[in-house]
Amino acid sequence: MAAVAGALQACGAWRPGRLLQGLGAPLAAGFCSAGAAGVGRPGAEARPTSARQRDGIRNICLSNPKQRNTLSLAMLKSLQSDLLHDADSKDLRVIIISAEGPVFSAGHDLKELTDEQGHGYHAEVFQTCSEVMMQIQKHPVPIIAMVNGLATAAGCQLVASCDIAVASDKSSFATPGVNIGLFCSTPAVALGRTVPRKVALEMLFTGEPISAREALAHGLLSRVVPEAQLEAETMRIAKKIATLSRPVVSLGKATFYKQLPQDLRTAYHLASQTMVDNLALQDGQEGLKAFIQKRKPIWSP
């Protein structure tokens, strides 16, 4: 996709070695392996994210637990790079975003938002964050948030922006900016498009957290499982998606988000045209023939 390539150029050229192709060990065995961080020359400063890919599943881990995985400008740019690297590769089928430590993400790094940094820096932080959130929805493959802990402010925004979100039952979610005099206006964009308006506004006006079970009931999460089952359940979903036709899933994801803001008639017009386009795909016809012939489909490579 030209848009994806352009976005990659906008955030800086990807450098060799920035994505660790962890083919030697099972992905689920080391979602946030310490050895995955700081890929590059010896002695180089560790990157705030790490990335591994195997069998079509890329795991991107927020790897700065000492700073509560805050979405600093460096973290945002690193996450953006890992998301967009080889986004159009046929080998990539699904992405999981996870985090190291007890906090999924505490939101923006407040030290970057003081007067010392200045207006231009502040604008860059929020512009980059907004770009990352939009790129998640525009990405050609599904993106899953795997949450095990607290997700606040822009961290909650990141969860809300993902296509699917699986969390442990010990997780919680909040938009507490109002308590420190900085209303969570950008997190509200994703939150308000994910949960009912009155739920979003209560979270935004009070800053009080909601539990994983409450988040599930309100639509912020797809599933809630015990902590011990979190990786297995997330991988189960990812592996299922990875077995499906990438062109079909990509087309379906793009159309889903495209039709959402439309009126009913326009939405059905867009979706109807997509169904026709889907039938014209090689995998569209392969799937139908396989079903009729009672065999497993052989998707395009």
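A search of the whole structure, a predicted model, finds one cavity of 30 Å³ or more. Rolling a probe the size of a water molecule over the atoms shows where empty space is left. Here a cavity is a set of points, on a 1 Å grid over the protein atoms alone, where a 1.4 Å probe fits but cannot get out. The largest cavity has a volume of about 50 Å³, a volume being the space filled by probe spheres set on points joined across faces, edges and corners. Its lining (residues with an atom within 4 Å of a point) includes Arg93, Pro140, Ile241 and Arg246. H9 gives the largest share of this lining, three residues.

Local features need pLDDT of at least 70, side-chain atom pairs count only at pLDDT 80 or more, and totals for chains, interfaces and linings use all residues. Residues are numbered from 1 along each chain as its sequence is written, and side-chain values use heavy atoms, without hydrogens and water.

The largest pocket holds about 740 Å³ of space. A pocket is an open set of points with protein on both sides within 12 Å along at least five of seven lines. Its lining has 27 residues, and the closest to the centre are Gln137, Ala160, Ser161, Arg193 and Tyr257. Helices H3 (119-138), H4 (154-161), H5 (185-192) and H9 (246-259) and strand S7 (164-168) each give two or more residues. Helices (H or I, at least four residues) and strands (E, at least two) are DSSP runs, numbered from the N terminus. H3 supplies the largest share, five residues.

H9 also packs against helix H10 (residues 264-280): the two axes come within 10 Å and cross at roughly 170°. Axes are lines fitted to C-alpha atoms, for helices over the stretch in contact, and angles run from 0 to 180 degrees between N-to-C directions. H9 and H10 are therefore roughly antiparallel, the term for angles over 145 degrees. The contact (heavy atoms within 4.5 Å) involves Val248 and Leu251 of H9, among others, and residues of H10 including Leu270 and Asp277.

Six strands form an open sheet of mixed pairing, in the order S1-S2-S3-S5-S7-S10. Strands pair if DSSP finds at least two bridges between them. S1 (49-54) and S10 (223-225) are the edge strands, each pairing on one side only. Neighbouring strands are turned by 20° against each other on average, direction ignored. S7 and S10 run parallel and are joined by three bridges. Val166 stands opposite Arg223 in S10.

Definitions and conventions: Parallel < 35°, antiparallel > 145°, perpendicular 65-115°, else oblique.
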